[in-house]
Amino acid sequence: MERYRKINNLIGWLVFFIATAVYWLTVEPTASFWDCGEFIAASYRLQVPHPPGAPFFLLVGRMFSFLAMGEVESIAYWVNISSVLSSGFTILFLFWTITLLARKVMGLNIKEETSMENTIAIMGAGFVGALAYTFSDSFWFSAVEAEVYAMSSFFTAFVVWAIFKWETIEDEQQANKWIILIAYMIGLSIGVHLLNLVTIPALALIYYFRKYEYSHKGAIITLATSAGILLIILVGIIPGLPSLAGRFEILFVNSFGLPFGSGIIFFSAIFIGGIVYGVYYSVKKELLWLNMATLSLAFILIGYISYGIIAIRSQYNPPIDQNNPQNIMSFVSYLKREQYGSRPLLYGQYFTAEVVDQQRGEPIYEKGEDRYIIKDYKIDNTYDPDHVGLMPRMWDGRNPNNVKAYQEKAGLRQGEKPSFGDHIKFMITHQMGHMYFRYFMWNFSGRAHDIQGSPYLTLADSDKDLPDALKNNAARNQYYMIPLILGLLGLFYSYRKDKKTFSFVALLFFMTGAAIILYLNAPPLEPRERDYAYVGSFYAFAIWIGFAVLWLNELLSSFLKQRKVAAAVATAICLSAPVIMASENWDDHDRSNRYYSVDSARNFLASCEPNAILFTGGDNDTFPLWYVQDVEGFRTDVRVIVLSYFNTDWYIDQMTRQYYESEPLPFSLERRHYRQGGPNDVLYFEDKTDRSMNIRSYLRRVREESEGIRMRTSADDYIHLIPSRNFFLNIDSAQVFNLGILPEEHKDKFVDRMDFSGKGRVLEKKDLMILDLMVANNWERPIYFNNTSLNSINIDLKDFVVTEGATYRLLPVKRPQEIEELVDTDKMYRNMMERFHTRELDNPDVYYDDNYRGFILNLRTTYLTLAEALFEKNDYERAEKVLVEMFERIPDEAISYDFTIPRTLAMWHTLGHEEKAREIAKVMIERSDDMLQYLRTNDLGRMDVQRNFVIVSEIGRQLEKVGENELAERAEEVFSRHYSSFFN
């Protein structure tokens, strides 16, 4: 046994070092897109990220940030390293789990020394399975960035290993300590992500197998009990305990007149006292089951207590303080993720259901001066009963894009109700197929490319006839189904040899994959791929890949007399899976030297004047800005406002405080005007008149809560209406000219009255606050929008913005209709040529995925906007410098030409670079020709078809302008030939 233990430990740590080295070499050096920037900023300053938070992850990230030794630009790197090490330890515990299970599957007695031939086979199984998971697509993705999924995977791997470690311990007292440890780790994992909880039914199965004689009835009771435990934690503990504490708090403060916090203290004392008494009673009465239950609950709660940091830090009003969960009421809402709404699971509305009645639900409290006051009520919707039913998998009728997708996937006409069969088909084909099985096959069969919606590859897929853009896509990873086949062989081997082990792995595979899909009930459209959420099931499948070594060893042993050789050969053959996965995946998982997520944020801020206000839209043009401001201290004078949060009272409250060098925003509306549940959450257009309405006058009526703009919704409630969708704002000319904010080249476009209109049917609270800010600010502070936010507001201000870089500045100048975009060329030239950051965009060895390429496309567009504006002014010298700068900073060799590049052709030609223009045109025509030929029989989405038609059309138009008729005709021929195939 001692020899086996030493070998097992040695190879386990070897696998750990291999995995850790791989992830360390490929880790992103800074904050990646999506939630990473927010998590790093929140870790560094212990702030409050989006619900439901990840407090334990933040604490660990905070400790790793100390390793930067005060170099703020290294903080992101070191927080990323926490994911690297979490992932390395995940692989370590996976290896030890596989070797533990392999001995069970082979029927070996753990008390006896394992023969060398069996040891080689077991170590080979662990080595192959662990490395297969090391190099798997989705897990590797999470291992090299500061997201919660790597640490969540560590907790999953640990508790799975720990339950099998518990199973091997005969001393009951020592074994029980492992159960307590598992409970504690589950509690800690709640402070990272809830994914770890779905392992509980599988863990319970192992407990049952050891403690009881197997029967179908016993297994069913065990699974039902474990499901109950899971529900107790998910519903009863995580939001349930704070909710109950909140009820005590309201009772004690509002009814008994006691101070704030008295109800929480009383509830905590009773609850903790109950646990202590439960432990005491169980010891006194020698009730082992009660003792274990109460201790396990206690240790889960000890782990869960990390959530206290959320409420504590929120008290200090940090810059990132999402939902402001500083009191028990807002804390419960934060934990329940109420801002994201809810989804029906087993019974509920279809997407075609209309709301036929609305009733007030539970009150929503907020902290007042000496009591809790009701600020709003939850709304209970009653839907048309003809459009409600079982298994509502197509349920989202609020998002018109999702409605359209449902109709397309189910073949439904406008207003047609889906049948029960349509819901089941959608669940199987889209939710289970597209949103899970596709990801599964990415990891074990192959992936076509990195464009969103990418299909998986099989043996039937080859590179023949592929356009270069797809053939050379770094994320085209072909494994020839080797990992999949090995996993299936291991699955069948496990089933044949040890059905208990098979049942455990299969249940773990289901609970961390398909069960999550069923629970989430995802809509048809997502902003990004979600494969990272299902890595637990890929972890389980990696166990079966390891078991393939045991199957092959058994097969070879029947032919080879030397069983050691058979075990070694089986290991070597099966190693082909992780080897091919590593070789295929390395180039698209190596994030070293990739900085543009942060550089794009710097460019947004560098495009703003001092003390500016900048509106942003989505996660990727917000979270990196939070990171560079909160961590690197870059341009902290700029106040960043996230439009989606600007609809909430807690966020508007935060805008009235000073953060860093940014002064509070000057609103004229007070909290009672923008409180949640008030009359200004949504303002409907009455369209009584086409006449323009003075914004100042309307805001005065809002402040006065004028009867003239009210519409009663019930006896004691009302909302505000807007008489007209047309607005005007009179401009203080003296103020504007005294401030000197108008660009010299656009002073002739100054207007003393801005006329603009609302879009859609309503103004949201964010739009009202923007109008209020425009009036109250009176041009004192520069107001900017990025492209996302400018298109997301419900007021059309596009005629009154001037481009100064990556942002649009709101100014009282009117864009003439014949001009596409107003540009402050001097300021934009200075910003882009002197202040913009584009680190490593010229490096062809750096991988940029489709998401990054979208941001780089926007950067190219910004360069082109400036170059074209300079051309219009006949400033050819500076226009040429801009074009040269763009092509040097973002060359085709590093980031392939996109549909913005044809706009440069006439400019290059006019500047005397005719050959360069021809060369670019030839390259792009051929690429689009190849791509359109491919798209005739392969679906990449309508956008790819449109992009390539735009490219050849624009090339033809640009070349005709400068007399390059031969190439222009070639472009026209490509356009015509393919157009007839797609649209006739």
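**What the labels rest on**

Modeller: Here it is, and bear in mind that this is a predicted model. Let's begin with Thr825, which is found in helix α33 (residues 825-835).

Biologist: Why is Thr825 called buried?

Modeller: Its relative accessible area is 1%. Buried means under 20%, so Thr825, at 1%, gets that label.

Biologist: What makes the pair Thr825 and Glu745 a polar contact?

Modeller: Their side chains are joined at 2.7 Å. The cut-off is a pair of N or O atoms within 3.5 Å, one able to donate a hydrogen and the other to accept it, so a pair at 2.7 Å is within the distance limit.

Biologist: Which residues is Thr825 in contact with, leaving aside its neighbours within four places in sequence?

Modeller: Glu745 again, plus Leu866, Ala869, Leu870, Lys873 and Arg878. Contact here means heavy atoms within 4.5 Å.

Biologist: On to the strands. How do you know that β2 and β3 pair?

Modeller: Pairing takes at least two bridges. Strand β2 (residues 355-367) and strand β3 (residues 372-383) have 10 bridges between them and run antiparallel, so they count as a pair. As one example, Val355 has Tyr383 as its bridge partner in β3. A hairpin of four residues links β2 to β3.

Biologist: And what makes β7 and β16 a pair?

Modeller: Three bridges, in the parallel sense, between β7 (residues 613-616) and β16 (residues 783-785). The requirement is at least two, so three will do. Phe615 has Phe785 as its bridge partner in β16. Both strands belong to an open sheet of six, ordered β8-β7-β16-β18-β17-β19, with mixed pairing.

Biologist: Why do β8 and β19 stand at the edges?

Modeller: Each has a single partner strand, so one side of β8 (639-642) and one side of β19 (822-823) are left without a neighbour in the sheet.

Biologist: Last topic, the second largest pocket. What lines it, and which residues lie nearest its centre?

Modeller: Its volume is about 1100 Å³, and 32 residues line it, with Ile179, Tyr207, Ile229, Ala293 and Ser296 nearest the centre. The elements giving two or more residues to that lining are α7 (148-168), α8 (172-190), α9 (200-211), α10 (216-237) and α13 (288-304). Of these, α10 gives the most, 10 residues.

Biologist: How do the lining residues of that pocket divide into nonpolar, polar and charged?

Modeller: 23 are nonpolar, seven polar and two charged. Tyr counts as nonpolar here, in case you'd have sorted it elsewhere.

Methods
Residues numbered from 1 in each chain as written. Predicted model: local features only at pLDDT ≥ 70, side-chain atom pairs only at ≥ 80, totals over all residues. Heavy atoms only, no water. 1 Å grid on protein atoms, 1.4 Å probe; cavity = no way out; pocket = protein on both sides within 12 Å on 5 of 7 lines; lining within 4 Å. Points joined across faces, edges and corners; volume = space filled by probe spheres on them. Buried < 20%, exposed > 50% of the residue type's maximum accessible area, 1.4 Å probe, protein only.
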